Amino acid sequence: RSKQWYQRRVAITAGGLGQKARDGLLAIEDMDGGTFTVSNGGVFGSMFGTPIINLPQSAILGMHAILERPVAVNGKVEIRPMMYVALTYDHRLIDGREAVTFLKRVKSAVEDPGTLLLDI
């Protein structure tokens with residue numbers, strides 16, 4: 001089976017689970033068997049934090065609120081929207097190099113979602 005087939009299956013499954021969550025119908029059984037969690041504390045205004053792994057999962061990505069912050073751009077201070085993300089992972093399963101590579105990919109996808117469509 002192709003990579004696109006698996007991506008479609010993940011998207012369909014995630015969409016169904018998202019709808020169940022919005023409808024308040026998500027059950028514990030719907031969350032069993034996962035290997036990775038995405039936690040979006042930003043919807044509650046969270047600015048920073050370190051997510052804790054839900055065992056037996058291997059990692060959790062914490063995404064926080066997008067807020068305007070001062071940043072250096074070409075030697076000048078500008079106000080830009082910023083979002084902090086944090087990745088907690090089990091070093092017995094995931095090497096730091098792969099974790100940082102993943103975070104860089106998340107950054108690219110958030111800054112330019114077209115990179116996901118183009119698979120670059």
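A cavity is a set of points, on a 1 Å grid over the protein atoms alone, where a 1.4 Å probe fits but cannot get out. A pocket is an open set with protein on both sides within 12 Å along at least five of seven lines. Lining residues have an atom within 4 Å of a point. Grid points are joined across faces, edges and corners, and a volume is the space filled by probe spheres set on the points. Rolling a probe the size of a water molecule over the atoms shows where empty space is left.

The model is predicted: local features need pLDDT of at least 70, side-chain atom pairs count only at pLDDT 80 or more, and totals for chains, interfaces and linings use all residues. Residues are numbered from 1 along each chain as its sequence is written, and side-chain values use heavy atoms, with hydrogens and water left out.

**Cavity**
- The structure holds one cavity of 30 Å³ or more.
- The volume of the largest cavity is about 30 Å³.
- Its lining consists of Met-47, Phe-48, Ala-65, Leu-67, Arg-69, Met-82 and Tyr-84.
- Helices (H or I, at least four residues) and strands (E, at least two) are DSSP runs, numbered from the N terminus.
- Six residues of the cavity lining are nonpolar, none is polar and one is charged. Ala, Val, Leu, Ile, Met, Phe, Trp, Tyr, Cys and Pro count as nonpolar, Asp, Glu, Lys and Arg as charged, and the others, Gly among them, as polar.

**Largest pocket**
- The largest pocket holds about 610 Å³ of space.
- It is lined by 19 residues, and Leu-17, Met-31, Phe-36, Thr-37 and Val-38 lie nearest its centre.
- Helix H1 (3–22), helix H2 (28–31) and strand E1 (36–40) are the elements that give two or more residues to this lining.
- H1 gives the most, with six residues.
- The lining of the largest pocket has nine nonpolar, eight polar and two charged residues.

**Second largest pocket**
- This pocket has a volume of about 380 Å³.
- Its lining has 14 residues, with Met-82, Met-83, Lys-107, Val-110 and Glu-111 nearest the centre.
- Strand E2 (59–73), strand E3 (76–89) and helix H3 (96–111) each supply at least two residues.
- E3 gives the most, with six residues.
- By class, the lining splits into 11 nonpolar, no polar and three charged residues.

**Ser-58**
- Ser-58 lies in the loop between E1 and E2.
- Why does Ser-58 count as buried? Its relative accessible area is 17%, and buried means under 20% (exposed is over 50%, partly exposed in between; 1.4 Å probe, protein chains only).
- A polar atom of the Ser-58 side chain lies 2.9 Å from the backbone oxygen of Thr-35.
- Beyond four places in sequence, Ser-58 is in contact (heavy atoms within 4.5 Å) with residues including Thr-35, Ile-53, Tyr-89 and Leu-93.

**Whole chain**
- The protein chain has four helices and three strands, in the order α-α-β-β-β-α-α from the N terminus.
- The C-alpha trace spans about 50 × 35 × 35 Å along its principal axes.
- Of the 120 residues, 22% are buried.

Notes: Polar contact = N/O pair within 3.5 Å; in protein donor to acceptor, adjacent residues only side chain to side chain.
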